[in-house]
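Please keep the structure open beside them as you read.

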Amino acid sequence: MRPRLPYLIGAVVLLLVEILIGAFLHDAFIRPYGGDILVIPLLAAIWRIVFPKKPRHIGLYMIGAGFLAEFLQLIGFCRIMGLEGTIWAVILGTGFSVLDLLCYIVGGVGFEVVETNFFRGCRH
């Protein structure tokens with residue numbers, strides 16, 4: 001469990017920040033972009049908790065997952081599948097944005113930088 005502890009702490013902190021952003025911030029920058037930047041490191045940290053050893057560069061894979069989610073938004077996946085108004089629509093999102101893609105890149109690269117420089121000993 002020890003190698004997973006930094007990721008667990010990071011995931012809890014990121015989740016709390018995401019919740020606080022969603023619940024209390026109604027500005028024009030942090031709410032629309034901050035949450036999208038933080039969601040990729042949150043997902044990568046959760047992945048590291050469950051699968052601490054593989055794969056390397058998980059932040060890059062999570063960027064790919066974010067791009068997939070945006071593509072599904074672009075084609076109207078929730079509407080097509082009749083998922084509007086469900087928890088799946090909340091998780092996946094419903095509005096495509098190129099800026100979201102840039103946010104995912106920032107978050108994923110940020111995770112890679114932090115993991116490479118500060119969590120090197122946490123993965124075996």
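1. By class, the residues that line the largest pocket are 16 nonpolar, 5 polar and 4 charged. Keep in mind that this is a predicted model.

2. The volume of this largest pocket is about 720 Å³. Its lining is made up of 25 residues, and those nearest the centre are Gln73, Val90, Ile91, Leu92 and Gly93.

3. Which elements give two or more residues to the lining of the largest pocket? They are helix H2 (30–50), helix H3 (58–74), helix H5 (87–92) and helix H6 (98–118). H3 gives the most, with 7 residues.

4. The second largest pocket holds about 170 Å³ of space. Its lining consists of Pro6, Tyr7, Gly10, Ala11, Leu14, Pro41, Ala45, Gly110, Phe111, Val114 and Phe119. The elements that supply two or more of these residues are helix H1 (5–24), H2 and H6. H1 gives the most here, with 5 residues.

5. How many charged residues are in the lining of the second largest pocket? There are no charged residues in it; the lining has 9 nonpolar and 2 polar residues. The lining of the largest pocket, by contrast, includes 4 charged residues.

6. Buried residues of H1 are Tyr7, Ala11, Leu14, Glu18 and Ile21. They lie on the same side of H1, because they cover an arc of only 95° around the axis. These buried residues pack against H2 and H6. Tyr7, Ala11 and Leu14 are also among the residues that line the second largest pocket.

7. Which residues of H2 are buried? They are Gly34, Gly35, Asp36, Leu38, Ile40, Pro41, Leu42, Ala44, Ala45, Arg48 and Ile49. H1, H3 and H6 are among the elements that cover them. Two of the buried residues, Pro41 and Ala45, also line the second largest pocket.

Conventions:
Residues are numbered from 1 along each chain as its sequence is written. This is a predicted model: local features need pLDDT of at least 70, side-chain atom pairs count only at pLDDT 80 or more; totals for chains, interfaces and linings use all residues. Side-chain values use heavy atoms; hydrogens and water are left out. On a 1 Å grid over the protein atoms alone, a cavity is a set of points where a 1.4 Å probe fits but cannot get out, and a pocket is an open set with protein on both sides within 12 Å along at least five of seven lines; lining residues have an atom within 4 Å of a point. Grid points are joined across faces, edges and corners, and a volume is the space filled by probe spheres set on the points. Helices (H or I, at least four residues) and strands (E, at least two) are DSSP runs, numbered from the N terminus. Ala, Val, Leu, Ile, Met, Phe, Trp, Tyr, Cys and Pro count as nonpolar, Asp, Glu, Lys and Arg as charged, and the others, Gly among them, as polar. Buried means under 20% relative accessible area, exposed over 50%, partly exposed in between (1.4 Å probe, protein chains only). Contact means heavy atoms within 4.5 Å. The arc is that of the directions from the helix axis to the C-beta atoms.
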